[in-house]
Structures are given as structure tokens and as C-alpha cells.
Amino acid sequence: MNIQVQTQAFDMGAEIQAITANRPDIGAVVSFIGLVRDVAAQPVLAMTLVHYPAMTEKALTDIARQAQRRWDLTAVTVIHRVGKLSAGEPIVLVITASTHRQAAFAACEFIMDYLKTRAPFWKKEHTVHGDHWVSAKDSDEHACQRW
Amino acid sequence: MITLLYFAQVSEQLNINQEQLDLPPDTATLADLRHCLAQRDEQWQTVFNDPRLMMAVNQTMAKAETAINDGDEIAFFPPVTGG
């Protein structure tokens, strides 16, 4: 399991390579990247992600462990960025690997749904009209409850 | 002594990031502590009576009925928006 919270960008190819090298038992790798989106009424210039440093890695590790208990996973990588990010920049990377695709697909979605509602990160959007905190969406909580 | 941490909107609304205080008497659970902090003034009342307020005890998500003890690190924050 590889859990990281960092300001710098990540390299998905390198992370997948690190998981699959010399592991012929892995039959499926699923990856998800979340990006800073600009579809609001006010153009989003950038975003600042703040977190609860002492808790963040612990929360992400706990979520990844829950996924490992539910599915037969060979590897899990979660990398979440913090600090100031521009529109279009990657925020989060989740990679799950398994013998078969079903477990990898399901676990990747599970981890993202849990991360969205259980990991202590908060986004502040910077727009031409000022800064504001992003509101949590009920749809994220509903997505989480299906598991 | 307990350590209280405040994050994001909650920190801005209360104008505080963290503080330490003696565990108030008759404070056994997070619900008790919330009730106690809500007495500080109107702004604190607004924040602590919001049912969406999230809490963690010693870096683990917690609920109103979670027990608290001397030495705990207790965090209050709005619903999370990462990912």
C-alpha cells in the first residue's frame, strides 16, 4: 500500500510501473485521476487544498485498508495533493491492482467515494470575484452509502 | 488539558486555529463539549449547532456520543471536500 500527501505533481505511469513490475499475478490495474475543474458560473483561476496534516494519511490508510478487506487487491496507491493548484491540474490519483478487473474497478470507486466524504481535505476556490470554500455535495454522501 | 483544532470555514468563522483548555467538568462526550463551546457567543452557537459539523478525536472521525478524555486532540471541521 502506498499512501502519499504531497504538494508536487504525480506521475501515473511511474506509479503503475512501480506496482506491476515483476508481478505477473496482477491481471488488472484501474486508475483514477481527479482534476481541478472549471465549470462554475465564475471562472475558477486556482484552488487551494488544505488538510488536517496529522490525520490525513491515517484517514487515507484506513480507507485503503477497508478496500483491501472487501476485495482481493494486489496493490493500492493513493496520492493526494495539497496547496495551491491551477484549473486542469491533477489533485488525486487512486490506483488499484488485482488478479481480475472486477475487484480493481470496484475498489477504485469505493476508495474515491470514501475519500470524498471521510478524508480531511477542504477546497477553497479562487475566482475573479473572490475566494470561497467549496460546499460538500449530498450526492457524494449518497455515492458513499451504496457501499 | 485537551487540544482543540479548527479547520477551513469553521476556523474562519470562529477566527481561531487551535487552543488548549482544561477538560470542562461533566464533559464525557463530544456532544457535551459541543454544548459547552456553543455557550461562548452567538457565532460559536451557530457553528456548534450546525448538524453538518464534523469531528475527529485523536485523528479519527468521531460522533457526538464518542467519549473524550484528558489529553485528547479534538478537531472540528465542515464536511470534507477533497478528491
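1. In this predicted model, B:Met55 has B:Phe76 of strand S5 of chain B as its bridge partner. The two strands concerned are S3 (residues 54-57) and S5 (residues 73-77) of chain B; they run antiparallel and are joined by four bridges.

2. Chain B contains an open sheet of five strands, ordered S2-S1-S5-S3-S4, with mixed pairing. The edge positions are taken by strand S2 (18-21) and strand S4 (60-62) of chain B; each has a single partner strand, so one side of each lacks a neighbour in the sheet. On average, and with direction ignored, neighbouring strands of this sheet are turned by 25° against each other.

3. Helix H2 of chain B, residues 30-38, should be read together with this sheet. H2(B) lies across strands S1 (2-6), S3, S4 and S5 of chain B. Relative to S5(B), the helix runs at about 65°.

4. Chain A contributes 25 residues to the contact and chain B contributes 20 residues. Between them the chains bury about 1800 Å², of which 62% is on carbon and sulfur atoms. On the side of chain A, the residues that lose the most area to chain B are A:Tyr52, A:Trp122 and A:Trp133, which together account for 38% of what that side buries.

5. Polar and charged pairs across the interface are as follows. Ten residue pairs are found in polar contact between chain A and chain B, with both residues at pLDDT 80 or more. The count of salt bridges between the chains is one. B:Glu12 and A:Lys124 form a salt bridge, in which the closest N and O atoms are 2.7 Å apart.

6. As to which elements of chain A supply the surface that touches chain B, two or more residues come from each of strand S3 (44-51), helix H2 (53-70), strand S6 (90-98), helix H3 and strand S7 (121-127) of chain A. Of these, H3(A) gives the most, with five residues.

7. Helix H3 of chain A, residues 101-118, also holds A:Asp113. Is this residue buried or exposed? A:Asp113 has a relative accessibility of 12% and therefore counts as buried, the cut-off being under 20%. The side chain of A:Asp113 makes a polar contact of 2.6 Å with the side chain of A:Arg146. When neighbours within four places in sequence are set aside, A:Asp113 is in contact with A:Ala143, A:Cys144, A:Arg146 and A:Trp147.

8. Most residues other than glycine have a negative phi. A:Asn22, however, has a positive phi, near 55°. A:Asn22 sits in the loop that links helix H1 (12-20) to strand S2 (28-35) of chain A. With 75% relative accessibility, A:Asn22 counts as exposed.

9. The second case is in chain B. Phi of B:Asp26 is near 60°, again a positive value in a residue other than glycine. B:Asp26 is placed in the loop between S2 and H2 of chain B. S2(B) is one of the edge strands of the sheet, and H2(B) is the helix that lies across strands S1, S3, S4 and S5 of that chain. B:Asp26 counts as exposed, at 78% relative accessibility.

Terms used:
Residues numbered from 1 in each chain as written. Chains lettered and ligands numbered in written order. Predicted model: local features only at pLDDT ≥ 70, side-chain atom pairs only at ≥ 80, totals over all residues. Heavy atoms only, no water. Pairing = 2+ DSSP bridges. Axes fitted to C-alpha atoms, helices over the stretch in contact; angles between N-to-C directions. Contact = heavy atoms within 4.5 Å. Buried < 20%, exposed > 50% of the residue type's maximum accessible area, 1.4 Å probe, protein only. Polar contact = N/O pair within 3.5 Å; in protein donor to acceptor, adjacent residues only side chain to side chain. Buried area = accessible area lost by both parts, 1.4 Å probe. Salt bridge = Lys/Arg side-chain N within 4 Å of Asp/Glu carboxyl O.
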